[in-house]
Amino acid sequence: MPFTTTDLSPLVGTRVDTDKAILLGGTKAAELRQLLEARGVLTFPKIGLTDEEQRQFAQTLGTPTDQGERGLHKISLDVNVTETAKYLKGTLSWHFDGWNDPVPARGTVLTGRVLSKTGGQTLFSNTYAAYEELPEAKKAQIAGLKAAHTMMGTQRGVHELVTPEMAADWQSFAIHRHPLVWTHRSGRKSLLLGSSADWIEGMDRGESDALLVELKAWASQPRFVYRHEWQVGDMIAWDNCGVLHRVEPYPADSGRVLHRVTLEGEEAIA
Ligand code: OGA
Ligand code: MN
């Protein structure tokens with residue numbers, strides 16, 4: 001039975017070489033879940049799962065949500081492919097998914113279907129490692145701070161043209177307050193940042209912007225980041241509670257489509 005795992009860098013990302021039967025049978029599910037949390041992102045090069053198989057595999061890792069068509073969400077910047085495309089330009093900035101859900105998604109399984117000729121590489125930053133390597137003085141400075149997460153934050157910087165309708169829509173979303181440092185049930189801590197983190201509560205806006213930019217710059221240093229160059233049929237699973245992710249710019253009419261199954265959240269932010 002083929003099943004080998006290879007770390008892609010010291011701090012983030014592991015490649016899993018195996019076959020469909022092993023993934024769908026679930027015999028390695030416990031090991032994969034553990035690896036996912038330890039490594040942030042798992043890649044399954046050219047595994048070529050069908051939609052149904054992708055759902056089935058996701059089920060071995062957690063509880064798939066019903067987002068999209070029968071649980072399969074098409075990720076595209078083209079509004080003709082998916083209605084959610086209007087918000088997906090936000091994927092160009094570092095973010096985690098589900099800042100506005102009571103319990104953010106546990107993880108996500110994504111398959112490359114159609115790729116863009118230019119751009120479209122996906123980057124993942126390990127936010128456990130980024131927190132753990134912060135200088136002690138910085139950890140002390142950010143302990144107890146909370147950020148306000150907004151739709152405005154996820155969208156403001158990424159559109160060339162903002163219409164009054166778009167601005168009004170973004171304003172209509174609720175603001176959610178989350179700690180800058182997530183203390184997980186496991187006892188480990190991770191940085192909780194990203195474009196949704198709009199400002200830090202109780203801080204002057206300039207000071208808050210400076211700290212958020214500084215922490216994002218810290219977390220996006222190459223040693224914390226894995227960058228995936230897609231090939232058709234690749235599948236990736238990421239731990240949405242322990243990584244930030246973003247995609248490098250690609251044209252909205254490039255045809256790029258990834259198929260995504262989202263795993264229900266398991267742990268409230270604390
Ligand atoms: C997502 C996402 C990145 C990409 O599906 O949540 O951010 O590469 N996707 O399209
Ligand atoms: Mn995302």
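Predicted model: local features only at pLDDT ≥ 70, side-chain atom pairs only at ≥ 80, totals over all residues.
Residues are numbered from 1 along each chain as written, and chains are lettered from A and ligands numbered from 1 in written order. Local features need pLDDT of at least 70, side-chain atom pairs need pLDDT 80 or more, totals for linings use all residues, and side-chain values use heavy atoms without hydrogens and water.

Polar contacts are pairs of N or O atoms within 3.5 Å. A polar side-chain atom of Arg260 lies 2.6 Å from an oxygen atom of ligand 1. For His245 the distance to a ligand oxygen is 3.1 Å, and for His95 it is 3.1 Å. The protein covers 99% of the 290 Å² of accessible area that ligand 1 has on its own (Shrake-Rupley, 1.4 Å probe).

The whole structure holds two cavities of 30 Å³ or more (sets of points on a 1 Å grid over the protein atoms alone where a 1.4 Å probe fits but cannot get out; lining residues have an atom within 4 Å of a point). Arg33, Leu36, Leu61, Arg106 and Leu263 line the largest cavity. The second largest cavity has about 30 Å³. Its lining has six nonpolar, three polar and no charged residues, among them Phe96 and Asn240.

Terms used. Polar contact = N/O pair within 3.5 Å; in protein donor to acceptor, adjacent residues only side chain to side chain. 1 Å grid on protein atoms, 1.4 Å probe; cavity = no way out; pocket = protein on both sides within 12 Å on 5 of 7 lines; lining within 4 Å. Points joined across faces, edges and corners; volume = space filled by probe spheres on them. Nonpolar A, V, L, I, M, F, W, Y, C, P; charged D, E, K, R; others polar.
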